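Visitor: Hi! I'm new to this one, could you walk me through it?
Guide: Happy to, let's bring it up.

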Amino acid sequence: MPRYGIAIDTTRCVGCHSCRVACQNQQGLEYKQSFNWIKEKDSGKFPSFGKEFVPLQCNQCENPPCQRVCPTGAIYTSAEGVVLVHRDRCVGCKYCIEACPYKVRSIDEHEGISVKCWFCIDIVRAGGEPACVTTCPTRVRIFGDLDDPNSSISRFIAKYRAEPLRPDLNTRPKVFYKRS
Amino acid sequence: MQESAWGWLIITYLFLAGAGAGAFVAAVACDLLAPDWSKALARAGSLAAGPLVAIGTLCLVFDLEAGFWQPWRQLYLMSNLGSMIAWGVIVLSAFIPVALLYAAALNEISSVGRFAKKYVRVLEAVGSFLAVATAGYTGVLIAVVNGVPFWNTPVMPVLFMASAMSTGLAVAMIGAAAIDIRTVRTLSNFALGHVIFLAVEGIVLMLLIFMSLTRSTEAAASATMLISGTLSPYFWGLVVVLGIAIPFCLSIVEYFEYGEMPKYLVVGADLLVLIGGMSLRALIVFSGTPPQII
């Protein structure tokens with residue numbers, strides 16, 4: 001069984017937000033709800049300064065705080081290592097939203113349950129790739145199997161020493177970033 | 001400041017569950033320690049405990065999204081015993097009936113109460129344990145959240161416990177004054193409880209602030225928000241001065257004056273403790289800041 005992850009090269013991101021729109025379209029979300037965002041980070045001072053665009057989505061942690069605090073057991077990790085939600089079990093207590101350090105969870109207003117990015121697992125199981133990956137015009141994201149040393153994502157992470165966000169939080173995310 | 005997913009309903013729950021559990025402990029203490037002629041506080045405390053925690057629990061249910069509209073989903077609430085909410089469901093469902101039974105026993109309400117009176121010591125022992133669990137749970141609930149570094153400290157349950165005991169005692173004292181205003185004189189014995197718990201609350205709050213300032217950037221941001229940032233007027237005004245310092249001083253006077261203090265000051269000090277307890281929880285929830293991730 002593969003163990004899916006995404007590698008993100010922030011140096012290629014131009015901040016066009018097409019990943020967010022593609023995701024909203026794919027998941028049927030309303031304009032005000034997102035499963036991914038582009039955070040902006042300013043650095044330096046004039047005349048030497050820059051802006052970095054950091055795409056953010058669920059990190060599919062191997063030690064997911066959201067899953068640990070969920071009282072109903074609605075949050076579970078699939079065999080592919082993707083953190084999923086049982087739509088029928090979630091009561092909407094929002095404990096997972098508080099527990100997630102990356103703040104990528106939100107409440108679906110129609111169903112009243114906690115939702116987030118799920119790596120488009122329906123498309124992936126059918127042999128495709130997540131919408132945010134395929135739609136990106138500058139090819140910021142690489143999707144693939146982290147357990148296969150020859151996959152493009154594994155080679156990318158090894159080559160650039162890509163790291164997850166805040167590895168010190170010990171959540172062991174499966175989204176890796178090359179940031180310089 | 002990122003808005004918390006939890007709002008006033010959860011804050012009200014944190015306050016009411018603490019006050020109800022504290023009122024139960026105050027009632028037990030009064031029933032065991034006080035002389036026969038001053039049982040009004042035990043009666044008032046026991047009558048308040050169950051309903052307060054029950055109303056708090058209703059706030060939790062109202063805060064649910066899908067679980068509120070489709071209540072059968074709540075059957076799943078104890079599925080993951082690694083979750084504090086699952087333990088909270090167990091503790092709350094055990095405490096509320098015991099507290100109601102204890103109120104019936106102390107006040108001899110109906111035949112159930114007269115029957116329960118035979119086992120009042122058992123109810124006091126079991127109930128006190130569950131009351132401590134209820135009050136502690138409100139703190140542990142947010143202390144295990146590592147998505148908010150300011151909350152994620154073992155000091156938090158201690159702070160909530162101290163605040164629960166002082167707010168619970170305040171509820172019981174106001175209730176005792178309402179049942180029989182003449183008992184206000186006898187309440188001065190219990191003012192010592194306020195002195196102790198408010199002192200502990202103040203010290204633990206100070207520890208929390210000092211430790212947060214050095215623990216991590218995010219915890220420091222939350223603590224700074226409280227002591228000198230946007231929330232500082234509320235923190236210093238409502239929590240420190242009105243909620244701790246003034247009732248602390250009043251309680252010392254009350255204890256040594258032994259029943260000579262004006263009634264409105266006695267009840268006023270208790271009302272201030274309640275305002276402080278509610279504000280403390282609100283400010284801790286609102287000052288929660290998530291980790292800086294990028």
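Visitor: How many residues of chain B are in contact with chain A?
Guide: In this predicted model, 28 residues of chain B are in contact with 31 residues of chain A.

Visitor: And which helices of chain B supply residues to that side?
Guide: Helix H3 (66-69) and helix H4 (84-106) of chain B each give at least two residues to the side that touches chain A. By type, the residues of that side are 17 nonpolar, nine polar and two charged.

Visitor: New topic: how many residues does helix H8 of chain B have?
Guide: Helix H8 (residues 188-215) of chain B has 28 residues. From first C-alpha to last, H8(B) reaches 40 Å, close to the 40 Å expected at 1.5 Å a residue.

Visitor: Which of its residues are buried?
Guide: Among the buried ones in H8(B) are B:Phe190, B:His194, B:Phe197, B:Glu201 and B:Ser212.

Visitor: What covers them?
Guide: The cover over the buried residues of H8(B) includes helix H2 (40-63), helix H7 (155-179) and helix H10 (232-257) of chain B, among others.

Visitor: Over to chain A: what is the strand order in the open sheet of three strands?
Guide: The order is S8-S1-S9 in chain A, with mixed pairing. Strand S8 (141-145) and strand S9 (175-178) of chain A each have a single partner strand, so one side of each has no neighbour in the sheet.

Visitor: How do S1 and S8 of chain A pair?
Guide: Strand S1 (residues 4-9) of chain A pairs with S8(A) in the antiparallel sense, over five bridges. A:Ile8 stands opposite A:Arg141 in S8(A).

Visitor: Which helix packs on the sheet?
Guide: Helix H6 (residues 152-160) of chain A does, touching S1, S8 and S9 of chain A. The direction of H6 makes about 115° with that of S8(A).

Definitions and conventions: Residues are numbered from 1 along each chain as its sequence is written. Chains are lettered from A and ligands numbered from 1 in the order in which they are written. This is a predicted model: local features need pLDDT of at least 70, side-chain atom pairs count only at pLDDT 80 or more; totals for chains, interfaces and linings use all residues. Two residues are in contact if their C-beta atoms, placed from the backbone, lie within 7 Å. Helices (H or I, at least four residues) and strands (E, at least two) are DSSP runs, numbered from the N terminus. Ala, Val, Leu, Ile, Met, Phe, Trp, Tyr, Cys and Pro count as nonpolar, Asp, Glu, Lys and Arg as charged, and the others, Gly among them, as polar. The expected span of a helix is 1.5 Å times one less than its number of residues. A residue is buried if 20 or more other C-beta atoms lie within 10 Å of its own, exposed if 12 or fewer, and partly exposed in between; C-beta atoms are placed from the backbone. Two strands pair if DSSP finds at least two bridges between them. Axes are lines fitted to C-alpha atoms, for helices over the stretch in contact, and angles run from 0 to 180 degrees between N-to-C directions.
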